[in-house]
Amino acid sequence: MADIGHDAADYAPPAELEEVDLYHAKSWITKYVFSQDAKVIGIQYALTATAIGLVALVLSWLIRLQLGFPDTFNFIDAAGYYQFVTMHGMIMVVYLLTALFLGGFGNYLIPLMVGARDMVFPYVNMLSFWIYFLAVLVLVSSWFLPGGPTGAGWTLYPPQAIMQGTPGREWGIIMMLLSLALFIIGFTMGGLNYVVTILQARTRGMTLMRMPLTVWGIFVATILALLAFPALFVGAIMMLLDRVLGTSFFMPHIVELGEHLKYGGGSPILFQHLFWFFGHPEVYIVALPAFGIVSDLISTHARKNVFGYRMMVWALVAIGGLSFIVWAHHMYVSGMNPYFGFFFATTTLIIAIPTALKVYNWVLTLWKGNIRLTLPMLFSLGFIVTFVNGGITGLFLGNVVVDVPLSDTLFVVAHFHMVMGVAPIMVIFGAIYHWYPLMTGRMLHEGMGKFHFWITFLGAYLIYFPMHYLGFLGMPRRYFEMGETSFVPESAATLNEFITVTALIVGFAQMVFLFNLYWSRRNGIVAEKNPWHANSLEWQTPEMPPGHGNFGKELPVVYRWPYDYSVPGVEADFIPQNVPAGGTATGAE
Amino acid sequence: MFVAIILILVAVGSVLFHLWSPWWSTPIASNWGYIDDTIDLTFWITGVVYILILFFMAYCVWKFQYREDRRADYEPENNKLEWGLTILTTLGVAGMLAPGLIVWNDFITVPKEATAFEVVGQQWAWNYRLPGKDGKLGTAATQNITDENPLGINPNDPSGQDDVLIQSEDLHLEVGKPVKVLMRSIDVLHDFYVPQFRAKMDMVPGTITYFWMTPTRTGTFDVLCAELCGVAHHAMRSKVVVDNASDYQTWLAEQETFAQSIAEARNKTKTIKTLASK
Ligand code: HEM
Ligand SMILES: [Cu+2]
Ligand SMILES: [Cu+2]
């Protein structure tokens, strides 16, 4: 078993370089506002993402109110509805999930988990956050400009996105494209940081195959993002030129309201290829960090090593690689050459194999574990259920011919919410309950947490599971109202009311969660050091919360993988990574 | 215990919902029953996996719940098990993919006897064009559009003169006759979708897209737009009526051809002009 990365050794390679001195903040402003400390930047990212995410949450209530109770709310008209849907979708996917996983968790955890004092380019890291912040402001500004935000759908398909018949044609679409461009610039700065830090700044003994899966997940996701976002970037710039300067990248000859427009010769489908070349990897940009984090949560709280660590790493890499050759499964009925269907259906279903393996390895980690039903564990279980459910419906949509009746129906809405909405958010919650004591020194309130978990998990399941069936029925997505049809029974309206009420209740539970975050900072139980008895380095810092520079005088040296839980012959049921072979955990008493 | 019970309830509840839910695919009205069959097959394979995983989790959570005096197993890897699961999963995936691709091949291979007709989308209305007596559709392009020729049919193409135009009215099809649906849009993306036919395809300005099918029962069905096309997307509706042969012929005979509609439009402008000059 010598080649397996988790064998413990006394030997650690000597330091190759002397430590570089850190940037030290001199004032309150450089410490908390224009901070160059990755931990502060991580929290800044998380707070901004949460704030804009709340906007998206409120928008989802408005969408649901309209779908559940059409003709009831005068303040929601069709134009407003499409604007809500568009902004909700884009904010959730890009400005909340991507920013929170990579900017938030990435910044906070990478240096701590690989045993570094900070990111390698702290100044660029600071710029990354502030450009993201600017992107959010630009996005929000579209509400206050004439015409309001764009209602083109989060996919922004041209020609519609830049034409009169779509709300927000005046300014909304311009602001959206600019904001995305900014987001990508900011992300690239952060992303390069994450990758270089992981490759270059790991502490002694932290081989790649000794990194926690959290770091692996964030690492692979960041590489995907660095490769995928440029496609969106060029797409956004080209559309901006079409809109503002009248070029015709995506615009064929068009007659609008009886008038021939000046466009001609462009291809709307080209945009779709660019969008989904980004858009599909985007799913994994959100999912892979969640995969990584949840592996660590399950292992720590089941007191058992992650089952098949090497397989888990290779599966992450395989999924990341494959995710670049499946994009056109979003375009089966787009009018592209139908023969592409054979290729993309095959690659899409192949990607299911490494994904399924990850699921097996999670549940096999539970097998013969010593499972603590803590909040992080509960959310991890919730993640597995919703992720498997959403992954399964992905097999429907990926199998090209099955996608034909289902695409653009509520089945798709239910599928992607389950798999990239609910499931990763379960992980985010689990992660917050897990790392909150590290960040604040206090535990989150258990009772409020349980309430939050059960309402969110069961509620989300009740919202989205039945929604698939409305899709089978043939109800299209992005419909302001169903109106009269001959095929939708009365009962579908009742189901829609039920879904809306449930969504509002789930929304309320999130307020309880936010209150818990706020309340526990002062009133939570004071956390003991390393409260979950975890092995990874972030818990082994001399202070908790970790101070500037993370590890005090000396960087830790790593002697083993992070999953030495319940090792036979050792009394404590965990051995931190910085304990040499034969040593015992400090703080395990 | 509690968590395990909930997990089992989720599994069992999902199955019961599936069996008893009143919401399911509309009764099919086309030849694409194979698509429904592929859906059923996928349900079986994935459903079994889903239930197994949930039960397995429930068992673990119940059986291996934390006790101070117990220790977890230490087993980092198990090659045999991991490879076994990989192979099983691959078989399951192949079992869904292979039939899926075969049906897809049918879906994109248009039979020779299929007659072509055209759907033209615009914000926010549906138009149709059927070949006239010559059995051929004339060429068309957005560039040709004028007030009197709103679908952009090539005025110089003789085979287009007798094409039958249906503007913002119901489309009729003949039961049992395979059709190739050609789709065009003059402004933005739309998508021709009839739930009972199981087929849909985007309509893209600048190109012509297609699918084929055979209507298998008579009746009136809703046509919906399934690709976001602007603020009245949800209101872009039409109907397709599937007739038996004689009803279809009666209906067809009453429809206007392209040449007739041009003549009529010109007459109208003439009368308006003469009225105005008076
Ligand atoms: C609070 C829970 C949420 C609720 C109740 C909710 C509800 C909805 C609804 C009703 C729609 C419109 C469906 C339609 O077009 O008919 C929608 C669209 C969408 N949602 Fe959510 N959502 C929630 C959370 C999320 C999350 C976490 C994500 C992140 C992946 C997300 C991503 C999207 C996307 C991408 C769209 C599509 C937007 C478009 O069609 O352009 N949602 N959501
Ligand atoms: Cu995809
Ligand atoms: Cu339309």
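Biologist: Which arrangement do the 4 donor atoms around the copper ion (ligand 3) make?
Modeller: First, it's a predicted model, so local features need pLDDT of at least 70 and side-chain atom pairs pLDDT 80 or more, while totals for chains, interfaces and linings use all residues. Residues count from 1 along each chain as written, chains are lettered from A and ligands numbered from 1 in written order, and side-chain values use heavy atoms, without hydrogens or water. Donors here are N, O and S atoms within 2.8 Å of the metal (3.2 Å for Na, K and Ca), and with water left out sites may look incomplete. Four donors are tetrahedral if all angles lie between 85 and 135 degrees, and these subtend 86 to 125°, so the arrangement is tetrahedral.

Biologist: At what distances is that copper ion (ligand 3) coordinated?
Modeller: Chain B provides the donors: ND1 of His190(B), SG of Cys225(B), SG of Cys229(B) and SD of Met236(B). Along the chain they follow the spacing H-x34-C-x3-C-x6-M.

Biologist: Is His190(B) buried or exposed?
Modeller: Buried means under 20% relative accessible area, exposed over 50%, partly exposed in between (1.4 Å probe, protein chains only). Cys225(B) has a relative accessible area of 0% and is buried. His190(B) has a value of 0%, so it is buried.

Biologist: Which residues coordinate the copper ion (ligand 2)?
Modeller: The distances run from 1.6 to 2.0 Å, and the donors follow the spacing H-x48-H-H along the chain. One of them sits in helix H7 (residues 268–301) of chain A, namely His280(A), while His329(A) is in the loop between helix H8 (309–322) and helix H9 (340–366), so that pair ties together parts 49 residues apart. The residues are His280(A), His329(A) and His330(A).

Biologist: What arrangement do the 6 donor atoms around the iron atom of ligand 1 have?
Modeller: His88(A) and His417(A) each coordinate the iron through NE2, at 1.9 to 2.0 Å. Six donors count as octahedral (as four count as square planar) if opposite ones are over 155 degrees apart and all others between 65 and 115; anything else is irregular. Angles of 86 to 179° make this one octahedral.

Biologist: How many residues apart are His88(A) and His417(A)?
Modeller: Both histidines are buried. They link distant parts of the chain, His88(A) in helix H3 and His417(A) in helix H12 of chain A, lying apart by 329 residues.

Biologist: Which helices each supply at least two residues of the shell around ligand 1?
Modeller: That shell has 25 residues, and His88(A), Trp154(A), His417(A), Arg477(A) and Arg478(A) come nearest. An N or O atom in the Arg477(A) side chain is 3.0 Å from an oxygen atom of ligand 1. The helices, from chain A, are H2 (38–68), H3 (78–114) and H12 (410–440).

Biologist: In which strand is Asn127(B)?
Modeller: Asn127(B) is buried, at 3% relative accessible area. It belongs to residues 125–130 of chain B, strand S2.

Note on methods: Near = heavy atom within 4 Å. Polar contact = N/O pair within 3.5 Å; in protein donor to acceptor, adjacent residues only side chain to side chain. Helix = DSSP H or I, 4+ residues; strand = E, 2+ residues; numbered from the N terminus.
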